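Please look at the sequence and the 3D structure below. The paragraphs that follow go through strand pairing, a helix residue, aromatic rings and charges over rings.

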Amino acid sequence: MTGNGYKRCKCRKNGRELGAKCPKLRRKDGTWNPHHGTWHGKEELPAGPDGKRVYLRLGGFRSETELSAFYQQAGRLLDIPEPGPEGHEARMEILEMIKEAHQKHVPLPAYEELHRKYRTGQPLQAMTFGEYW
């Protein structure tokens with residue numbers, strides 16, 4: 001999983017965000033400007049049982065290297081469940097865990113622990129007593 005990286009920024013023109021169309025994102029020679037915008041990634045996951053496409057789409061990375069490392073680690077976690085419809089529910093749960101970790105700026109779940117929980121049929125996320133009850 002590579003994350004298919006691209007850059008975006010929050011610059012505005014006439015009240016609208018320019019995003020990936022900002023002229024400051026690239027230098028005159030066509031290379032990325034390292035001092036403007038942040039890196040974003042988008043990767044397609046296996047479709048759900050209904051055939052609907054599912055994506056991991058996150059942004060705000062400082063460098064392409066940081067983006068690539070994050071998406072590789074996320075891809076490894078998303079490969080834990082069975083391929084196809086059998087593993088879809090677990091894959092969606094792991095996807096939410098990845099998004100939440102990114103949003104809160106905390107490390108992704110440990111692969112070994114998540115893999116062990118999936119193999120043994122345990123809940124992937126820790127439950128509170130209220131949720132259990």
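**Strands, a helix and rings**

G41 has L58 in strand 4 as its bridge partner. The model is a predicted one, in which local features need pLDDT of at least 70 and side-chain atom pairs count only at pLDDT 80 or more, while totals for chains, interfaces and linings use all residues. Residues are numbered from 1 along each chain as its sequence is written, and side-chain values use heavy atoms, with hydrogens and water left out.

Strand 4 covers residues 54-61 and pairs with strand 3 in the antiparallel sense, over seven bridges. Strands here are DSSP runs of E with at least two residues, helices are runs of H or I with at least four, and both are numbered from the N terminus; two strands pair if DSSP finds at least two bridges between them. Strand 3 (residues 38-45) also pairs with strand 1 (residues 6-13), again antiparallel, over three bridges. Here Y6 stands opposite H40 of strand 3.

Helix 2 (residues 88-104) holds M92. Neighbours within four places in sequence aside, M92 is in contact (heavy atoms within 4.5 Å) with L45 and V54. L45 is 47 residues from M92 along the chain, and the C-alpha atoms of the two are 9.7 Å apart.

Next come the rings. Rings of Phe, Tyr and Trp (its six-membered ring) pair if their centres lie within 6.5 Å; planes under 30 degrees apart count as stacked, over 60 as edge-to-face and the rest as tilted. How many aromatic pairs does a search of the whole structure find? It finds four. One of them is W32 with W39, an edge-to-face pair at 5.3 Å centre to centre and 70° between the planes. The rings of F61 and F70 have centres 5.2 Å apart and planes at 50°, so this pair is tilted.

Burial is judged by relative accessible area: buried is under 20%, exposed over 50% and partly exposed in between (1.4 Å probe, protein chains only). W39 is buried because its value is 6%, whereas W32, at 27%, is partly exposed.

Two arginines are placed over tyrosine rings. A charge sits over a ring if NZ of Lys or CZ of Arg is within 6 Å of the ring centre and within 35 degrees of the ring normal. R57 has its charged end over the ring of Y55, 5.4 Å from the centre. R76 lies over the face of Y111, 3.7 Å from the ring centre.
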